[in-house]
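Keep the model open as you read.

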Amino acid sequence: MRTYRVGQIVPSSNITMETEIPAMLRQREAIRPERFTFHSSRMRMKKVTPEELAAMDHDSLRCARELADANVDVMGYACLVAIMSQGLGYHRTSKARLEDAVAEEGKSIPVISSAGALVEGLKTLGVKRVSLLMPYMKPLAAKVTEYIESEGFEIQDSLALEIEDNLAVAARDPMALTEDVKRLNTKGVDAVVLSACVQMPSLGALAQVEARLGIPVTSAAACTVRSMLKAMQLEPVTPNAGAILSEALASVE
């Protein structure tokens, strides 16, 4: 039985990815033999503003070097909007920059991002028309919508909750999303992204909303777990985390 080290680059005010990612992988441990430990390095960010996001993204290289010291098996950049606000397709640029920083430390560690993971997750699900729910202020929410559209998806509807304080985002009850989603136009969509933000908790609501709507329901965090598992060459399955981590999807890949 092998233990894998999961590294995360997180905003200093993010307290959700260090709870939801371990929670999903602990759920996986109940059905698969692998075990996981969790390791983080933090970038300073208190409010979700363009200025703080840009400064934080610059700091991600330091974090990558620190995590390389721990010989983690995968490294995840755990802030979706920090990447999507930097320009279309930036998750590819960020990945290359971080992998170069790791290589300069003499290490070879796969790097994924929550932004890239969400894009790849939607492609894996084979969906085209989606609706999004996110906590951002409207200008940043518009950037996220534009970014996902630029990757080949049609956004039918998006709901921005307009919460600027990052700790206030994390303090939300994940089950509030079961009501929030009722304000989202989901008619005729192929999938719903219940939280297009890795700070807004959603894990507890994914399966419930998916059962109610009868279509795939996912989150940036669930897609991040999938990308992490794939990068570690492990079967991307986790119970009760929505379609993206289901046994059914893994069996057809």
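With which residue does Arg97 form a salt bridge? The partner is Asp57, and the closest N and O atoms of the two are 3.6 Å apart. A salt bridge here is a side-chain nitrogen of Lys or Arg within 4 Å of a carboxyl oxygen of Asp or Glu.

This is a predicted model, in which local features need pLDDT of at least 70 and side-chain atom pairs count only at pLDDT 80 or more, while totals for chains, interfaces and linings use all residues. Residues are numbered from 1 along each chain as its sequence is written, and side-chain values use heavy atoms, with hydrogens and water left out.

Stay with Arg97 and Asp57. Arg97 lies in helix H4 (residues 90-104) and Asp57 in helix H2 (residues 50-69), so their pair ties together parts that are 40 residues apart in sequence. Helices (H or I, at least four residues) and strands (E, at least two) are DSSP runs, numbered from the N terminus. Asp57 is buried, at 4% relative accessible area, whereas Arg97 is partly exposed at 25%. Buried means under 20% relative accessible area, exposed over 50%, and partly exposed in between (1.4 Å probe, protein chains only).

The helices that carry this pair also pack. Two packed helices are described by the angle between their axes and the distance between the axes. For H2 and H4, the axes come within 9 Å and cross at roughly 40°. Axes are lines fitted to C-alpha atoms, for helices over the stretch in contact, and angles run from 0 to 180 degrees between N-to-C directions. H2 and H4 are therefore oblique to each other. By the cut-offs, angles under 35 degrees count as roughly parallel, over 145 as roughly antiparallel, 65 to 115 as roughly perpendicular and the rest as oblique. The crossing of H2 and H4 is right-handed. That term applies if the near helix is turned clockwise from the far one by less than a right angle; anticlockwise makes it left-handed. From H2, the contact is made by Asp57, Ser60, Leu61, Ala64, Arg65 and Ala68. H4 brings Tyr90, Arg97, Leu98, Ala101, Val102 and Glu104. Contact means heavy atoms within 4.5 Å.

Arg92 forms a salt bridge with Glu151, at 2.8 Å between the closest N and O atoms. The pair links distant parts of the chain: Arg92 is in H4, and Glu151 is 59 residues away in the loop between helix H6 (138-150) and strand S6 (154-160). Glu151 is buried at 12% relative accessibility. Arg92 is partly exposed at 41%. Both belong to a network of salt bridges that also takes in Glu120 and Lys123.

Neighbours within four places in sequence aside, Ser94 is in contact with Tyr77 and Ile83. Ser113, in strand S4 (residues 111-113), touches Tyr77, Ile83 and His91, again not counting residues up to four places away. Ser113 is buried at 10% relative accessibility. A polar atom of its side chain lies 2.9 Å from the backbone nitrogen of Gly116.

Now turn to H1. Where does Glu18 find its partner? The side chains of Glu18 and Arg42 meet in a salt bridge (2.7 Å, N to O). Glu18 lies in helix H1 (residues 17-29) and Arg42 in strand S2 (residues 35-43), so the pair ties together parts that are 24 residues apart in sequence. Glu18 is partly exposed at 28% relative accessibility, and Arg42 is partly exposed at 31%. The count of salt bridges comes to 18.

H1 also meets helix H10 (residues 220-231), with axes within 10 Å that cross at roughly 55°. H1 and H10 are therefore oblique to each other, and the crossing is right-handed. Among the H1 residues in this contact are Met17, Ile21 and Leu25; among those of H10 are Ala221, Val225 and Leu229.

Finish with Glu29, also in H1. Glu29 is buried, at 13% relative accessible area. Glu29 and Thr238 are 209 residues apart in sequence and 8.5 Å apart in space, C-alpha to C-alpha.

Technical notes:
Polar contact = N/O pair within 3.5 Å; in protein donor to acceptor, adjacent residues only side chain to side chain.
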